[in-house]
Structures are given as structure tokens and as C-alpha cells.
Amino acid sequence: MKITIVGPGIMPIPPIGWGAVEILIHDLSCELKAAGHEVTIVNVPAKDEIIKAVNESTPDFVHIQYDDHVDIVPHILCDKVAVTSHCPYLESPQKWDENYRKIVSQFLTSGADVFALSPEIAGVYSRAVIQNSGNPSLKLSLEKIHVVHNGVRTDLFKFDETAEYPERSICLAKIEPRKRQRFLQDIPNLYYAGNVHDEQFSSSLHLGEWTKEHLYENLTKYANLVLLSDGEAHPLVCMEALSAGLGLVLSEFACGNLDPAHPFIDVIPEKFVKNKGYVERIIRENAEKSVKMRKQIREYSEEFSWKNVVRTKYIPAVNKILSRVD
């Protein structure tokens with residue numbers, strides 16, 4: 001199968017440093033190629049260049065992985081197209097700005113299928129379809145909404161059954177208001193890795209910004225990962241942490257597709273996110289549990305390996321689109 005993936009066109013694929021969407025596109029393409037598919041990545045900012053490159057690739061299927069490029073769909077000669085949004089606030093329409101509302105409306109009218117990153121996000125699109133059922137411009141239908149979540153290259157992460165720092169937890173993400181690290185920075189043994197974009201953050205436990213190579217080699221040294229964002233879609237960092245054998249302490253917005261029934265996954269109720277004493281206790285208890293379950297955590301991470309995601313989610317959704325007669 002010939003598949004063309006459209007990236008944001010903002011940074012290289014694969015990225016030199018950070019860039020979650022770019023990493024996801026690269027890793028997905030690697031697994032698709034390993035499965036025998038022919039993959040073209042179009043990653044330029046100018047839309048006329050995108051359209052030209054996509055059409056010249058003569059694909060069987062086109063996957064657009066950037067919200068702002070949804071308006072190219074009518075200009076693509078291939079009629080089998082899906083779009084993925086990585087917007088962190090998809091589950092929270094009250095947080096959408098005017099520009100994003102416009103983009104969502106284009107998702108409804110472009111004619112493309114939608115690859116939703118979680119069942120909850122699929123629900124947002126489904127409700128929008130139902131609410132706009134009388135709109136003559138509506139081209140999205142319930143059967144064109146597919147849950148296709150992200151994956152991770154589990155094979156790239158070093159995994160040790162014993163944590164070198166069993167008492168240490170880590171926040172691994174861009175340090176910004178959305179991630180809410182500022183409310184955690186006085187918690188003992190909680191370390192931070194990521195570039196700082198929050199003037200209210202000044203923890204002495206900040207480790208700087210990690211390269212991907214450092215991440216792959218060193219994440220396994222920690223007990224658990226903490227991510228208490230006020231909005232996420234399907235965060236790559238959670239799957240990376242599982243691959244390295246770490247437990248998870250998450251906000252309600254950061255646990256998409258994860259099973260909190262596992263004892264190594266704790267979800268902080270939103271009303272307690274800023275209760276430092278409560279959060280500190282849950283992080284500590286999760287670390288104590290997780291360092292004893294690292295083998296089970298690593299095994300669970302394989303559910304999110306790109307090999308499994310491509311086989312059980314991605315290709316079945318693509319085949320469904322290709323077999324449908326519109």
C-alpha cells in the first residue's frame with residue numbers, strides 16, 4: 001500500500017531534538033515500512049507545495065497529522081484521506097479559541113475521515129456530527145470517525161528491572177503552564193527535564209533539556225513519571241515511561257487509552273491537583289508500588305508499541321476507509 005503522511009512542516013522529521021508529533025510520524029512510518037508498505041512523508045510549510053507533493057506521490061491513502069493543513073483536503077486527488085488532531089484541549093471545547101473552532105468546523109466539512117487519538121476524543125467528534133446533522137455542508141459521519149491512538153518505539157528504551165533511583169520521580173515535558181509543573185516544584189525527590197517556558201518555575205531539581213539519546217538511556221533509572229497537565233490528547237511521554245518500566249501519576253486529562261485499574265497507574269482527581277500534600281503522597285506511594293512491578297509495566301507498554309498499534313488499529317482503520325464506497 002502507498003501511504004503519504006503530511007507533517008506540520010515546522011521542524012525536521014525525525015526532529016533533531018524535541019517534537020512529539022514529528023517523532024510520532026517518523027516512528028509510525030518506520031513501522032509501516034517494516035510491515036511492507038511504501039511511505040512518503042511530506043513535511044513542508046507551504047500548502048501549495050504540500051498539495052503538489054502529495055499528488056505527485058500517487059498514494060492509496062493520505063494521512064494529515066496537523067490541524068492547520070485540513071483545508072488542503074479538497075485539493076488532494078486521492079479521495080481516501082484521514083486527519084489527526086494532536087490538540088491537547090480536544091476533550092475541552094470550552095477551552096477552544098476562535099481559530100480552533102474554525103479548524104474543527106473544517107474537520108466536519110472537509111470530507112476526510114478522522115483518526116481520533118482516544119475514545120473520548122472520538123466522542124467529541126461524534127457529538128459534533130450529531131449536533132450538525134442538519135447542516136448541508138456536513139461531510140463527516142459517525143462511520144468516518146476511527147479511534148487510532150499513538151504508539152511508541154518500545155525497542156529504543158533501555159529497561160532495567162531495578163531502578164537506579166527508586167526514590168526519584170520525574171516530570172519529563174516542556175515546562176509550561178499547561179503542564180502545571182509550577183504547582184509541584186517543592187515536592188521532594190521530584191525531578192524535571194524539559195525546556196522552561198514558565199516564569200513561575202524555578203526548581204533546583206531541574207535537570208535541563210534531555211536529548212532523545214539521553215532519554216532512551218536514562219529514563220529507566222527513575223521510579224515513576226508525573227504528568228498533571230490540564231489538557232492532553234494521548235501523550236507520548238506516558239508510553240515512553242511505561243517502556244522504561246516507570247509507573248504513572250497522571251491528571252484526569254493525561255490518561256487517554258490507559259487502564260487506571262493497573263496498580264502502577266494513579267490518576268489524581270482534578271479537584272486535588274493543587275493539593276500538594278495529597279499529590280506528594282500519591283507520587284510517593286506510586287513510586288513504592290512501581291519499583292516492585294517494573295517487569296509488568298514493561299510488558300504493559302507493548303500494547304502501545306507501534307508494531308501492535310499498526311497491526312491492530314492503524315491498518316484496520318485504513319482498510320476500512322479503502323473498502324468503503326462513498
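Start by selecting Arg 168 and Tyr 165: Arg 168 lies over the face of Tyr 165, at 4.0 Å from the ring centre. A charge sits over a ring if NZ of Lys or CZ of Arg is within 6 Å of the ring centre and within 35 degrees of the ring normal.

The model is predicted, so local features need pLDDT of at least 70 and side-chain atom pairs count only at pLDDT 80 or more, while totals for chains, interfaces and linings use all residues. Residues are numbered from 1 along each chain as its sequence is written, and side-chain values use heavy atoms, with hydrogens and water left out.

Rings of Phe, Tyr and Trp (its six-membered ring) pair if their centres lie within 6.5 Å; planes under 30 degrees apart count as stacked, over 60 as edge-to-face and the rest as tilted. The count by this rule is 13 aromatic pairs.

Next, select Phe 115 and Tyr 314. Their ring centres are 5.7 Å apart and their planes are at 80°, so the pair is edge-to-face. Phe 115 is in strand S5 (residues 113-116) and Tyr 314 in helix H9 (residues 306-323), 199 residues apart. Helices (H or I, at least four residues) and strands (E, at least two) are DSSP runs, numbered from the N terminus.

Last, select Lys 95 and Phe 253: the charged end of Lys 95 sits over the ring of Phe 253, 5.0 Å from its centre.
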